[in-house]
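Subject: Handover of a structure

Dear colleague,

Please find below the structure that I am passing on to you. I would be grateful if you kept it open while reading the notes that come after it.

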Amino acid sequence: MIQPYFKTGLVKYNVRPFDPHFAKEITASRGLPNFGFTLTLQNVTEIGWNMSKVTKFVSDLKNYKIVYTQTFPEKYLNGSYEFKAVVLSSSFQNKGKFSMALYNLMQTTTITKLPGQKLKVYIDVESMKDMQLHITNLVFGKKFVEDFLDRIINSAWQPGFVIMRPLINELVSNAFTEIFDTGFRNFPFEQIFKPKLSSNSTREWN
């Protein structure tokens with residue numbers, strides 16, 4: 001059982017709690033300097049790790065890597081956003097707040113820590129059953145239009161998820177690279193995961 005440690009952290013190893021956890025700023029960009037956009041999320045709080053379950057864990061310490069799959073019955077996020085876009089000579093900028101609820105989410109996390117280098121995290125959000133996303137100031141405070149778009153987003157999010165999945169993965173991975181590197185920078189993995197688990201072996205967690 002590892003769920004209790006999501007709320008308490010591992011004091012012995014200076015690992016902070018993960019539920020809730022906080023990210024000061026997360027940024028992802030797409031396109032070229034004169035044709036693209038940048039999405040920045042700020043002061044993001046995430047809740048739900050305590051309800052999650054790690055269903056598969058693979059350690060490959062020989063190659064400085066661990067991979068685990070995790071399911072969340074519910075996960076909640078909220079914070080602020082800033083969106084900047086450039087199309088040729090025209091620019092667009094908007095900002096506001098967002099809240100998101102994800103249901104029956106499954107994600108796989110790959111953590112790599114090469115000697116002398118910063119810990120890197122890649123998270124692949126594989127699937128989810130439902131999502132509720134609410135964004136303020138989506139069209140500069142025009143509430144009637146925003147309410148209409150809100151209903152559209154939350155009733156037809158599946159096609160958008162397929163398109164936005166790479167961007168979502170990048171944002172989440174960037175956030176957890178910082179969080180994990182801070183929390184596990186000096187973590188003695190070789191003491192916790194014994195040699196019998198260090199060569200592509202799998203352990204099931206309850």
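Predicted model: local features only at pLDDT ≥ 70, side-chain atom pairs only at ≥ 80, totals over all residues.

Residues are numbered from 1 along each chain as its sequence is written, and side-chain values use heavy atoms, with hydrogens and water left out.

The chain has four helices and eight strands (DSSP runs, with H or I over at least four residues for helices and E over at least two for strands, numbered from the N terminus). From the N terminus, the order of elements is α-β-β-β-β-β-β-β-α-α-α-β. Of the 206 residues in the chain, 38% are buried (under 20% relative accessible area, whereas exposed means over 50% and partly exposed lies in between, with a 1.4 Å probe and protein chains only).

In general, nonpolar side chains in soluble globular proteins tend to be buried together. Here, the largest nonpolar core has 38 residues, and F18, L41, W49, F176 and F180 touch the most other members. Such a core is a set of buried Ala, Val, Leu, Ile, Met, Phe, Trp, Tyr and Cys residues joined through side-chain atoms within 4.5 Å. The element that gives the most to this core is α3, with nine residues.

Residue E25 lies in strand β1 (residues 21-32). Leaving aside residues up to four places away in sequence, E25 touches T40, L41 and Q42 (contact means heavy atoms within 4.5 Å). The side chains of E25 and Q42 make a polar contact (3.4 Å); the term covers a pair of N or O atoms within 3.5 Å, where within protein one must be able to donate a hydrogen and the other to accept it, and residues adjacent in sequence count only if both atoms are side-chain atoms.

Helix α2 (residues 143-155) has 13 residues and, at 1.5 Å a residue, should span 18 Å, which agrees with the 18 Å between its end C-alpha atoms (the expected span is 1.5 Å times one less than the number of residues). The buried residues of α2 are E146, D150 and N154. They lie on the same side of α2, because they cover an arc of only 60° around the axis (taken from the directions from the helix axis to the C-beta atoms). These buried residues pack against β7 (130-135) and α3 (157-184). The face turned away from the buried side carries the exposed residues F144, R151 and S155.

Yours sincerely
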